[in-house]
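Here's a quick briefing to read with the structure open beside you.

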Amino acid sequence: FGLKALVPLIKQEERETASLYDHSITLGADLSSMLHSLGIPRDSKRHRVLDTFQSPWAETSRSEVEPKFFIPDSFTNIPQVLQSQTTPPCFNSVQHDQQRVALFQDETLFYLFYKHPGTVIQELTYLELRKRNWRYHKTLKAWLTKDPKMEPVVSSDGLSERGSYVFFDPQRWEKCQREFLLFYNAIM
Amino acid sequence: TNTERYYLVFTEWVKLLQRVEGDDISTIVFLKQMKDKGVLSKTDQLIEFIKAALELSIFSFKESDPTGEVFTAIDALGKMIIKLLVVQDFTEMTRADYLNLVFPVIALVFSKDHEQENTTFNERPHFRLLSNFLFEWETIRGHKFIKVRNVVTRKELLDFDTEFYNIFSSYLQSAQPIAFPGFSFAWVTLISHRMFLPTMLRLPNNAGWKNLMLLLIDLLKFLDKYTDKNEVSNAISVVYKGALRVFLGISNDMPEFLIENHLELMNNLPPTYFQLKNVILSAIPKKMMLPNPYDPTLSLEDIAACKEPPKVFYDLIAEFSTLKKPVDNYLRIPSNSLLKTIISNTYRNEYELKNGIGYDYLSVDNNIVRAIVIHVGIEVGSEYQRMSSSAVFNTKSAYYTLLFNLIHDGTVELQYQVIQAMVEQLRYPNVHTYWFIFALRNMFVSEEWGDQLLEVQEIILRNLLERIIVNRPHTWGISVIFTQLITSKEINLLDLPFVKKLPEVRNLLSPL
Amino acid sequence: EMPEQMIAQVESSLLNCPDSLDADSPHFYRKPLSLPHPTSIFFPNEP
């Protein structure tokens, strides 16, 4: 019960004594990365973390989990959302729903495009965005349009142009301006 | 057979939920028809049905393409069970009765699956069912069950809410790792589930704390049993890391839980778990600002928080039943015979195997010693509020004398345990931290020890170093007392013979 | 010491440990906003 018993903990370099105790549990480890993975703190503030706790281990916490949430009745069955006659809204016909889609803002179109792959609405929003002079880049999987302030310079072989474009970044959910070398066969 | 009929009906339920939304009226109609048409009109039918449906769902999980939807049937079962809990007419039995019928069936299927030979048990569908229960209940209970239109039912459900979690918690206790090792990781995931742990922490009147503590103690006991101090198996080491992360989460969200329950956590913490010990004891009340503990001019007397007693949640009487009277009597009027009684009652009847640093077994009852020390602290706190500081911050007081004499007359092990328990009280600024710093500081230099002084100093220093040589966090109280010892003019730690004898310790202390 | 069978069971539990997807909300039918339609292979195919 004296100090001598602590020597193996203090003197870790010596192999004989070091193996006497499992240091990961006794001495532990620097907790900063564990705390960081928990979101403690987040944005320099203290937030609750247990309500969005994914798993006790960082390795099994690779996706967000849906926290508890409450939808008041007044938020459900709202009529005329997205210009729809039916509640909840639906888009089942390329032919009949084009007019409704023309009334949506750009961001609503982007939202619907990315949120509903392989559906009528993805097709409809594609068509409408093209009408508004947005073009879809096949490799970047992002939409872009010409920056009106600059005229692009077409390459000598006519296969590309270099210019300034406004991209819509679906990760950050914002428009951003970029200089870019645009290959015509990459867009649709 | 009946079982096959149940399979058919359950399959229809699963298919229904793939065609209509979960709160569609047809789901209620389906359940009603199950009752009306004699599928679920009797208790034993309910039992058989759930057994069949659960077995089918687990089978379906095992047979499903692992890259696809494997939980379709389990998800449907979870919804059915909780929907029945909400919508049934509970005139002949209560909701608690219903759940207490359902859980044993789940336990039966679960344990049969777990014990099956020659197959690898897979915990995931069992985990998923319980996770779904939490989800389904959470969905309905929002804003005091406001989604339930019927006012009478809404009130019944609200009154039942705490019981729901306590029954769920009891089920988890029965599925703990020591009993079902194949479910260990799922179990730890469940006790820390985002729809269980924070709810248990925040139920009104701390109604979930008792059961939550039982679960955490189950976890610590499992870790303790299988933590060999020099070699921890990989799986146990991973369980430990998960436990540590959970405790960090609790410390962030509700430090009060750790503060008020620290006694029982200390009673069950594996003795080599120094960092986790520090994490638990370093919990501080939200919004409390800590004065700089390394400030050598720090005056504890001037810190308002040091006058406040920390809250305790546990019931000390249970630990302590035979000794409370002698201890209280001693605190009123110290006597040698009472002291002898107290000391003899701290010794165990049998050795307790304990993987400690420097020891492999204990002959003194750790829990009793801790209870005595905390009881002294609590009494100090109350007297301090009633009387003056000089009544308690006094080496002639019965509080100090009792602890002093336990150390003076006890074996080395008792000395160690009393001092360890005192050092555990050095936490955030409060009257216990303040008083135990006073007591330990005085003991460190007291001439009353006679030739025991060096022994006592060594044990105090060992207990302090044990908590400081580990990775952070360190408690405020320990940082304060250590700073006081290092900067004290009357003590030079480096000159102490037991420090000089150990160059490793000397080298550790001299830069400080 | 942990009995051998128990070691095997705990290790199996480690291997099968539920992850955050397992703990996520159960999947039930939700009326789709839009019917399936063949769209360009270049479009994102995960929401």
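In this predicted model, chain C puts 24 residues in contact with 39 residues of chain B. Between them, the two chains bury about 2500 Å², with 60% of that on carbon and sulfur atoms. On the chain C side, the residues that lose the most area to chain B are D22(C), F28(C) and Y29(C), which together make up 24% of what that side buries.

- The interface of chain C and chain B has two salt bridges.
- A salt bridge joins the side chains of R194(B) and D24(C), at 4.0 Å from N to O.
- There are also 14 residue pairs in polar contact across the interface of chain C and chain B, both partners being at pLDDT 80 or more.

**A closer look at D24(C)**

- Where in chain C does D24(C) sit? Look in the segment after α1 (4-15) of that chain.
- D24(C) counts as buried because its relative accessible area is 17%, and the cut-off for buried is under 20%.
- Setting aside neighbours within four places in sequence, D24(C) touches residues of chain A, namely E64(A), V65(A) and E66(A), as well as R128(B) and R194(B) of chain B.

**Chain C as a whole**

- Chain C has one helix and zero strands.
- Its C-alpha atoms fill a box of roughly 60 × 25 × 15 Å along the principal axes.
- Of the 47 residues in chain C, 40% count as buried.

**Chain A against chain B**

- How many residues does each chain bring to this contact? Chain A gives 47 residues and chain B gives 67.
- The area buried between chain A and chain B comes to about 5000 Å², and carbon and sulfur atoms give 65% of it.
- F1(A), L3(A) and L50(A) supply 18% of the area that chain A buries against chain B, more than any other three residues.
- Three salt bridges are counted between chain A and chain B.
- The side chains of R202(B) and D51(A) meet in a salt bridge, at 3.0 Å from N to O.
- Polar contacts across the interface of chain A and chain B come to 19 residue pairs, both partners at pLDDT 80 or more.
- Two helices of chain A, α1 (7-10) and α3 (32-38), each supply at least two residues of the side that touches chain B.
- α3(A) gives the most to that side of chain A, with four residues.

**Helix α2 of chain B**

- Helix α2(B) covers residues 25-36, and at 1.5 Å a residue its 12 residues should span 16 Å; the end C-alpha atoms are 16 Å apart, which agrees.
- Which residues of α2(B) are buried? They are T27(B), F30(B), L31(B) and M34(B).
- Looking down the axis of α2(B), those buried residues fall within an arc of 90°, so they line one face of the helix.
- The spacing has a simple background: an α-helix has 3.6 residues a turn, so residues three or four places apart point the same way.
- On the other side of α2(B), the exposed residues are I25(B), K32(B) and D36(B).
- The cover over the buried residues of α2(B) includes α1 (2-16), α3 (43-63) and α4 (72-87) of chain B.
- After α2(B) comes G38(B), with a positive phi near 80°.

How values were computed:
Residues numbered from 1 in each chain as written. Chains lettered and ligands numbered in written order. Predicted model: local features only at pLDDT ≥ 70, side-chain atom pairs only at ≥ 80, totals over all residues. Heavy atoms only, no water. Expected span 1.5 Å × (residues − 1). Buried < 20%, exposed > 50% of the residue type's maximum accessible area, 1.4 Å probe, protein only. Arc of directions from axis to C-beta. Contact = heavy atoms within 4.5 Å. Buried area = accessible area lost by both parts, 1.4 Å probe. Polar contact = N/O pair within 3.5 Å; in protein donor to acceptor, adjacent residues only side chain to side chain.
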